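Please open the model in a viewer and keep the selection panel at hand.

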Amino acid sequence: MQDTRPAQKDAYGLILDSIDEGIYRPGDRLVESELADRFGVSRTPVREALQRLETQGMLTRDGRSLIVASLDHTQLAELYVVRGELEGLAARLAARHAAPEEVRVLRDMLEADQALVNDPDALARANRRFHKQIHLASHNRFLVRQLDLVHRSMALLASTSLAAEGRGRGALEEHAAIVAAIEAGDGDAADRALRDHISHAFVTRLKLDAAKVEAAR
């Protein structure tokens, strides 16, 4: 009997990456046969991957079709509350446990990201890498696992708050404050700076959503 476990893992990861990268956005319909052709795998692992993603809330049903889920206002607020708490903890632990080399990587990211300030999509990808580096620098595998789940749900947002005017520059300044606190070994300041960063992102997103509602009237 053929072992399909590696293919199943690949199909799941490929679909998840496609959602994360914005290839498939909230409301997009996912068709089993099309996904199998796209990724060069059989339909069985794709079907199993879709079922898994539906169970995790990444996909939802629209009649008989599976579509990429979206977050309503309440879910968005809940997500940002949890994100702020967990990200703050990660920064606090990073201030305590990060190796000098890990701080150097964060510094290098800050410098490289300056060139992306006018490219929201590229900056959003860099932002994910930056936050992931802080998660890893916390040296707490259980926290990293939970933050992976949170950031997976962030992929269900149709756009990035970094697209708002001036937000890219502001976010990078906030990143600099976070790194400075981690480098200084100041857990309280790192926690506070990261929470403030998430709060500013949430406010920006709420303003963008409000503007969309107004424009639709």
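Begin with the second largest pocket of this predicted model: select α1, α6 and α7, each of which supplies at least two residues of its lining. Which helix gives the most to this lining? The answer is α6, with 6 residues.

Next, display the side chains that line the second largest pocket. Leu16, Asp17 and Asp20 are among them. Continue with Arg125, Arg128, Arg129, His131, Lys132 and His135, which also belong to the lining. Asp148, His151 and Arg152 complete the selection. Colour these residues by class: 8 are charged, 3 are polar and 1 is nonpolar. The pocket that they line has a volume of about 330 Å³.

Now turn to the largest pocket, which holds about 590 Å³ of space. The elements that give two or more residues to its lining are α1 (5-20), α4 (73-97), α6 (120-137), α7 (141-154), α8 (167-183) and α9 (187-216).

Which residues lie nearest the centre of the largest pocket? Select Ala124, Arg128, Met154, Ser159 and Thr160 to see them. They belong to a lining of 30 residues. Colouring that lining by class shows 13 nonpolar, 8 polar and 9 charged residues.

Notes: Residues numbered from 1 in each chain as written. Predicted model: local features only at pLDDT ≥ 70, side-chain atom pairs only at ≥ 80, totals over all residues. Heavy atoms only, no water. 1 Å grid on protein atoms, 1.4 Å probe; cavity = no way out; pocket = protein on both sides within 12 Å on 5 of 7 lines; lining within 4 Å. Points joined across faces, edges and corners; volume = space filled by probe spheres on them. Helix = DSSP H or I, 4+ residues; strand = E, 2+ residues; numbered from the N terminus. Nonpolar A, V, L, I, M, F, W, Y, C, P; charged D, E, K, R; others polar.
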